[in-house]
Amino acid sequence: MRNLLFFMSLLICSCSMNREERNEVNLYSQRHYSVDELQYKNFTDKTGIKVNVVKANADELIERLKNEGANSPADLFVTVDAGKLYNARQSGVLQQVPSKAINKDIRKDLLDSDSYWAPITYRSRIIVYSNERVQKSELSTYEDLANPKWKKRLLVRSSSNAYNQALMSSIVANLGSDATEKWSSGIVANFARDPKGSDRDQVKAIAAGQGDLAIVNSYYIGLLLASEKEEEIKAGNSVSVFFPNQGAENRGSHVNISAIGLTKNSPNRENAIKLIEYLTSEEAQKVYVNNSYEYPANSLVQPSEIVKSWGEFKIDKLNLNALGEYRPEAIKIFDKTGWK
Ligand code: FE
């Protein structure tokens with residue numbers, strides 16, 4: 001009996017040792033930009049804390065967190081879509097981020113009202129148009145992209161993409177389902193080709209004359225212009241940036257965040273908090289803007305010169321969690337209206 005007790009206490013001891021905080025932090029990340037490696041290296045150089053990253057798409061990572069449960073090695077869940085963070089929270093795999101973890105200068109309008117994630121950057125889903133075939137004065141709103149004047153001229157990627165799903169969710173939240181369904185049918189009728197490729201590919205298609213305007217995330221224009229490939233610089237220079245829905249009465253351009261959630265069973269919670277503090281600091285925010293051309297979540301940091309040259313714009317102040325709440329309805333509308 002004594003032996004058994006001794007053996008059991010050994011077991012308990014070794015289990016809790018496995019979950020003991022180590023000098024590392026484990027990320028499950030949906031982000032796919034080279035700037036991230038640089039951020040994590042800078043953080044390790046500063047703190048000695050090793051950063052381990054598992055990259056996959058957000059739905060896969062949420063499944064993995066659910067399956068691993070209390071034994072999950074993950075501390076942080078990093079996404080490029082508030083909708084996926086909303087899903088993660090609904091799935092019960094997150095805990096609230098303590099307010100001390102988030103730099104005090106982070107824009108208040110980007111924060112989660114329930115504190116389940118910390119924003120690191122934001123991006124707008126904008127219109128880009130051919131410098132040769134479209135006049136700026138012809139553009140106005142997302143709604144107007146359904147106008148038959150754009151027939152066979154509009155380029156956009158497929159509806160399985162989270163960026164499009166977030167945009168559609170914002171339109172459902174703002175206009176309601178019926179109006180959104182009509183809008184989506186109009187968009188599909190204006191496609192220059194069946195949806196395919198990435199956001200960058202839509203811009204390249206404009207440069208190649210396959211369409212005249214496209215819906216893309218803002219930072220991809222920065223990435224194209226800063227590219228080392230001549231073809232990409234040429235594509236970037238063939239278009240101009242337009243922020244839709246800017247009129248005095250209008251709601252502003254759709255934005256989404258890249259953000260970090262703290263996992264429910266984070267084994268290295270203190271290190272995770274340190275990394276959130278670091279990534280929301282002025283120092284790290286400058287690294288984001290100058291490498292990935294995203295907008296900084298920290299109000300003290302300016303966007304890169306390229307991004308600044310597009311001017312300031314009004315953002316849609318819709319609660320970012322609506323991008324998750326309205327997602328099922330958005331997906332239904334894509335299917336119903338034949339947006340592949
Ligand atoms: Fe992206």
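Reply: What follows describes the cavities and their linings.

This is a predicted model, in which local features need pLDDT of at least 70 and side-chain atom pairs count only at pLDDT 80 or more, while totals for chains, interfaces and linings use all residues. Residues are numbered from 1 along each chain as its sequence is written, and side-chain values use heavy atoms, with hydrogens and water left out.

Searching the whole structure gives 2 cavities of 30 Å³ or more. A cavity here is a set of points, on a 1 Å grid over the protein atoms alone, where a 1.4 Å probe fits but cannot get out; lining residues have an atom within 4 Å of a point. Grid points are joined across faces, edges and corners, and a volume is the space filled by probe spheres set on the points.

The largest cavity holds about 60 Å³ of space. Its lining consists of Val80, Arg123, Ser124, Arg125, Tyr163, Ala166, Asn217, His254, Val255 and Asn256. Two or more of these residues come from each of β5 (117-130), α5 (162-175) and β9 (255-263), and β5 gives the most, with 3 residues. Helices (H or I, at least four residues) and strands (E, at least two) are DSSP runs, numbered from the N terminus. By class, this lining has 4 nonpolar, 4 polar and 2 charged residues. Ala, Val, Leu, Ile, Met, Phe, Trp, Tyr, Cys and Pro count as nonpolar, Asp, Glu, Lys and Arg as charged, and the others, Gly among them, as polar.

The second largest cavity holds about 40 Å³. Ser170, His254, Val255, Asp316, Leu318, Asn319, Leu320 and Leu323 line this cavity, and they divide into 4 nonpolar, 3 polar and 1 charged.

Technical notes. On a 1 Å grid over the protein atoms alone, a cavity is a set of points where a 1.4 Å probe fits but cannot get out, and a pocket is an open set with protein on both sides within 12 Å along at least five of seven lines; lining residues have an atom within 4 Å of a point.
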